[in-house]
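Have a look at the model first.

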Amino acid sequence: MGDQLSFQAEAYPWQPTEEAHLEHVFHKYNVPLAGVINQAGNRFLFSRVEDVLDDWSVWAYSLIEEGDVERLRDRDAARAYLEEETPHPIFLAVARGPEIQFTAKAPPPGSEESFVHAVLDTLEMATDAFKELDELIA
């Protein structure tokens, strides 16, 4: 089973590629905020884990096994799994509004780099890129 998740630029976090489709939605507020997507036959748990400035948000994804779906059916359980339990790499996406702008990969929880550190690194990367863009436009 592959643990690689693919992303397309400006895709929705709950559908990171045209081929990905939602299998389960565990939490929704206008848009799916936590659930399971299927991409190329692999299931990935996803959850919005952080709201950053106005319309910026951070989303996390990790491969899950078939048996995990039932026990992760609410947003809190999904976030706990992503932040503390998954043995698989975590993929992070930074979205502006409903569209993915940046992605990064982090090691599983319990490894040298923590989940929080990976989120902060991803946000720093996004912030630096937009500062450079602002300087070019100005």
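**Salt bridges and the sheet**

At 24% relative accessibility, R43 counts as partly exposed (buried is under 20% relative accessible area, exposed over 50%, partly exposed in between, with a 1.4 Å probe and protein chains only). This is a predicted model, where local features need pLDDT of at least 70 and side-chain atom pairs pLDDT 80 or more, while totals for chains, interfaces and linings use all residues. Numbering starts from 1 along each chain as its sequence is written, and side-chain values use heavy atoms, leaving out hydrogens and water.

**Salt bridges**
- The count is six salt bridges, each a side-chain nitrogen of Lys or Arg within 4 Å of a carboxyl oxygen of Asp or Glu.
- One of them joins R43 and E23 at 2.6 Å, N to O; R43 sits in strand 3 and E23 in strand 1, so the pair ties together parts 20 residues apart in sequence.
- E23 is partly exposed too, at 27%, and E23, R43 and E66 link up in a salt-bridge network.
- R71 pairs with D68, with the closest N and O atoms 3.5 Å apart; R71 is partly exposed at 45%, whereas D68 is buried at 15%.

**Sheet**
- Six strands make an open, antiparallel sheet in the order 1-2-3-4-5-6 (strands are DSSP E runs of at least two residues, helices H or I runs of at least four, numbered from the N terminus; pairing takes at least two DSSP bridges).
- The edges are strand 1 (21-29) and strand 6 (99-106), each pairing on one side only.
- Strand 5 (residues 90-96) pairs with strand 6 over seven bridges, and F91 stands opposite K105 in strand 6.
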